[in-house]
Amino acid sequence: MVALLEIQGGESLEAHVRNELGQLGRRLNGSSVRKAVLYVSSLHRFDLRMPLALLQRLLPGCDIKLDIIPLTEGLLLLTESEGAIRTRHALIAETLWRVETHQKAIYERLVDAASAEDQRLVGHLIKNLNRVGPEYYLGLVEKAANAFPVNLILLNNYAIALRDRGQTAKARSVFAKACGQDPSNVPTLNAWAILERDAGNAGS
């Protein structure tokens with residue numbers, strides 16, 4: 001796709017996608033359609049699908065199937081059998097996201113709107129964000145861990161983020177909370193052991 005665009009008009013994929021989204025925004029006057037594309041892109045850049053019900057909560061008052069998806073002109077695709085939405089291609093999602101200036105706010109809204117049935121999705125999102133390391137990661141993983149306080153993936157990622165930033169006492173407290181959920185959870189025990197080793201408590 002990238003090569004085809006460059007051969008046809010000397011246009012990069014990023015320029016093409018930005019232009020496509022810009023046309024949507026101008027034609028629809030910055031409406032919920034553009035927001036929907038960005039919400040879906042925030043997940044699909046990690047190959048995660050946006051649950052239809054979650055997007056509906058993020059955009060109340062809209063009928064996603066009737067008011068949103070048809071107006072994206074193929075930029076968003078709904079898989080009826082999964083009840084989930086993705087962009088046309090994960091590369092498009094990543095390109096859209098790279099030029100978005102309100103990334104933190106979008107992820108915060110997504111976590112706020114997530115229900116108990118979305119916590120696995122949020123856990124996968126947090127793990128992927130840790131890999132790419134945005135500056136807002138610590139605040140976001142804290143928000144997610146507080147929203148789903150019994151989710152081990154989120155608790156572990158929060159504790160590790162604190163540990164890696166030198167907040168030893170707070171990290172130890174979160175590890176203890178995670179062990180309270182599952183005392184034999186190997187990822188929790190291993191990550192906690194690293195903290196204690198680095199703190200000089202390997203023999204305790």
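Let me start with disulfides, that is, pairs of cysteine sulfur atoms within 2.5 Å. By this rule the count here is zero disulfides. In general, a disulfide is a covalent bond between the sulfur atoms of two cysteines. What about cysteine 62 and cysteine 179, buried or exposed? Cysteine 62 has 17% relative accessibility and therefore counts as buried, and cysteine 179, at 12%, counts as buried too. Buried means under 20% relative accessible area and exposed means over 50%, with partly exposed in between, using a 1.4 Å probe and protein chains only.

A word on the source. This is a predicted model, in which local features need pLDDT of at least 70 and side-chain atom pairs count only at pLDDT 80 or more, while totals for chains, interfaces and linings use all residues. Residues are numbered from 1 along each chain as its sequence is written, and side-chain values use heavy atoms, with hydrogens and water left out.

Now the overall picture. The protein has twelve helices and three strands. These are DSSP runs, numbered from the N terminus: helices are H or I with at least four residues, strands are E with at least two. Of the 204 residues in the protein, 43% are buried. Contact means heavy atoms within 4.5 Å. Taking contacts between residues at least 6 apart in sequence, 57% join residues at least 24 apart.

Next, the strands. Two strands pair if DSSP finds at least two bridges between them. In which order do the three strands of the open sheet stand? The order is β1-β3-β2, with antiparallel pairing. β1 and β2 are at the edges with a single partner strand each, so one side of each has no neighbour in the sheet. Strand β1, residues 50-51, is joined to strand β3, residues 84-87, by two bridges. Strand β2, residues 76-79, is joined to β3 by four bridges. In β3, arginine 86 is the residue opposite leucine 77. The hairpin of β2 and β3 has four residues between the strands, and glycine 83 in that hairpin takes a positive phi near 60 degrees.

Methionine 50 stands opposite isoleucine 85 in β3. Its relative accessibility is 0%, so methionine 50 counts as buried. Leaving out residues up to four places away in sequence, methionine 50 touches Tyr39, Val40, Leu43, Leu55, Leu58, Gly83, Ala84, Ile85 and Leu110. From methionine 50 to alanine 36 the C-alpha to C-alpha distance is 9.9 Å, and the two are 14 residues apart in sequence.

Last, a pair of helices. How do α3 and α7 pack? Helix α3, residues 32-44, and helix α7, residues 103-113, pack at about 85 degrees with axes 10 Å apart. Axes are lines fitted to C-alpha atoms, for helices over the stretch in contact, and angles run from 0 to 180 degrees between N-to-C directions. The two helices are therefore roughly perpendicular, a term for angles of 65 to 115 degrees; under 35 counts as roughly parallel, over 145 as roughly antiparallel, and the rest as oblique. From α3 the contact uses Leu38, Tyr39, Ser42 and Leu43, and from α7 Ile106, Tyr107, Arg109 and Leu110.

Serine 42 sits in α3 and is buried, at a relative accessible area of 0%. Beyond its neighbours within four places in sequence, serine 42 is in contact with Trp97, Ile106, Tyr107, Leu110 and Leu125.
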